[in-house]
Amino acid sequence: MGAPDAFSLRGVAAGPVAEPILRDITVDLPNDGITVIVGPSGSGKSTLLRLLNRLDDPVAGEVRWRGRALTEMRPDELRRQVGTVFQRPPLFAGSVLDNLRVALPDIDESRALHVLDHVGLPAALLERAATDLSGGEAQRMCVARALLTKPMVVLADEPTAALDAEARRTIEELARQLADEGTPLIWVSHDTAQLRRLADHVLAIVDGGVAAFGHLAELDVSDDPVVRRLVGAL
Amino acid sequence: MNFAITEMTSIFGTAATRSDIGLAGLAASGGLIAVGVAISLWRKLELERSLLWAALRALVQLLIVGWALQLVVDPDDPLYWSALWLACMLAFAAWTTAQRAAGVPQVLPLALLAYALSGLVTLGVLFGFGVYELEGRTIVPLAGIVVGNSLSATVLVSRQLLVAAREQRGVIEGRLALGLSAGDAFQPHLREALRTALVPQIETTKAVGIVALPGAMVGLILAGVEPADAVKVQISVMYLVLGSVATTTTVMSLGISRQMFTPAQQLRRF
């Protein structure tokens, strides 16, 4: 018997009521490894991710987190359990330490240094202005900040889209490290090569609906040529 | 408790008898508009019509206001005329705010609430402590000071909050995603907007008497009131302005902040 599902979506529609971006999504997202959500531009990948930490609500259907309907939970409680890393790292005013304090106000310096080390950032950055970080450093700092709430899962919305190859590689390594340590990730990507490097599970979304879900090896031999192309089947 | 400015109500009373500059005086002062027109012609600013129109509008508007004020300032007039005047003033201020801060959610009822609460608090203090006597002569001018001085700051704070919600969406949702409440996630933007609205007023208050002599005091002195007495009135007016701007902008910004988010602590789209 595998791990219980992280998120269960039943008949979910989202986006403008008159013209939903997502239509009738029913899927169970596993509570282990890295699940990559893939699909063409505008297919609703990011829209789906925003439902999982309740930055938006579906216009129909239900989303459950570990068996609990999201609407039955306090949004702030949910969001501390479900960490989020955005495509463009939101940097708050002040130093890196100030940024970490937004997530954990009473964090001490040793804990802050430990979490920076965890994401591969040097201690010297702790007092640096967050706005002075490079793109890769800023994204890793945002991962560190998200980890301070001790999330049970991390959502990542194309977190390497704006990064160079080296920074992208370090973020991917960090994601794998987190997943191996027991924190599952749900990662939106439009990069087929990245999907093949990272994915333990793949959710393919096409035209606002679930085109396929399963292990990468299963989708590689899908009957649907669109799915095979999305996952870069050889 | 009754502060000493009861005597200042008599200042308001005596002023009119000494301040009649007459129609000739009024016409002579209007001649100063010619200076502006001459400069406009000389430097080809093409503002002559605007200048003349502004001067004419101000003349007509103030003559109408002066005539209408006669209806409420007489000690024999019932206070409900003043209350009616006050209600119209609040409604017009709220409407103006709604026009200038279009797009802000629930801006009209919020502005109405903000001006009404601000008036209640600030005038409540002035009348409650007996700084001024409660009569038409004091209610309408003081309420006018409250609303008139709060208007631009209220529009400014409203616009700035809307811009923050639109342009700082990523940062606000970044805080929400860390488990902060909607109020905490929006707090830095609220603080910045309030500071932007209040700092100019504080700076004006600091500079009063050094950089410029304020209008109420100048008016009283020109009307023949002793400078020392005029200063006391001016000080109470300055404090009234500070208090009313602070109250109005705070009520408005807190109300807008609540409207920015859904009950599920999601930032609405504007």
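**Exercise 1. At what angle do helix α7 and helix α11 of chain B pack, and how far apart are their axes?**

Solution. The model is a predicted one.
Step 1. Take α7 of chain B as residues 136-167 and α11 of chain B as residues 227-260. The two helices pack at an angle of about 35 degrees, and their axes are 8 Å apart.
Step 2. Assign the hand: α7(B) and α11(B) make a right-handed crossing.
Step 3. List the residues that meet. From α7(B) they include B:Leu142, B:Ile145, B:Val146, B:Asn149 and B:Ala153. On the α11(B) side, B:Val237, B:Leu240, B:Val241 and B:Ser244 are among them.
Step 4. Sort the contact by class: between α7(B) and α11(B) there are 14 nonpolar residues, 9 polar residues and no charged residues.
Step 5. Relate the spacing to helix geometry. With 3.6 residues a turn in an α-helix, residues three or four places apart point the same way.

**Exercise 2. In what order do the 6 strands of the open sheet in chain A stand, and which of them are at the edges?**

Solution. 
Step 1. Read the order in chain A as β6-β7-β8-β3-β9-β10, with mixed pairing.
Step 2. Find the edges. β6 (82-85) and β10 of chain A each have a single partner strand, so each has one side without a neighbour in the sheet.
Step 3. Examine the β6 end. β6(A) runs parallel to β7 (residues 153-157) of chain A, and 4 bridges join them. One of the pairs is A:Thr84 with A:Leu155 in β7(A).
Step 4. Helix α5 (residues 135-147) of chain A lies across β6 and β7 of chain A, at about 170 degrees to β6(A). Helix α6 (residues 165-180) of chain A also packs on the sheet and touches β3, β7 and β8 (185-188) of chain A. The direction of α6(A) makes about 150 degrees with that of β8(A).

**Exercise 3. How many residues does each chain bring to the contact between chains A and B, and is helix α3 of chain B enclosed or in the open?**

Solution. 
Step 1. Chain A brings 19 residues and chain B brings 15 residues.
Step 2. On the chain A side, α2 (75-81) and α3 (96-103) each supply at least two residues. α2(A) gives the most, with 4 residues.
Step 3. By class, this side of chain A has 8 nonpolar, 3 polar and 8 charged residues.
Step 4. Turn to α3 (residues 32-42) of chain B: of its 11 residues the number buried is 0, so the helix lies largely in the open. Just after α3(B), B:Lys44 has a positive phi of about 55 degrees.

Conventions. Residues numbered from 1 in each chain as written. Chains lettered and ligands numbered in written order. Predicted model: local features only at pLDDT ≥ 70, side-chain atom pairs only at ≥ 80, totals over all residues. Contact = placed C-beta atoms within 7 Å. Nonpolar A, V, L, I, M, F, W, Y, C, P; charged D, E, K, R; others polar. Buried ≥ 20, exposed ≤ 12 C-beta atoms within 10 Å, placed from the backbone. Axes fitted to C-alpha atoms, helices over the stretch in contact; angles between N-to-C directions. Left-handed = near helix turned anticlockwise from the far one by under 90°. Pairing = 2+ DSSP bridges.
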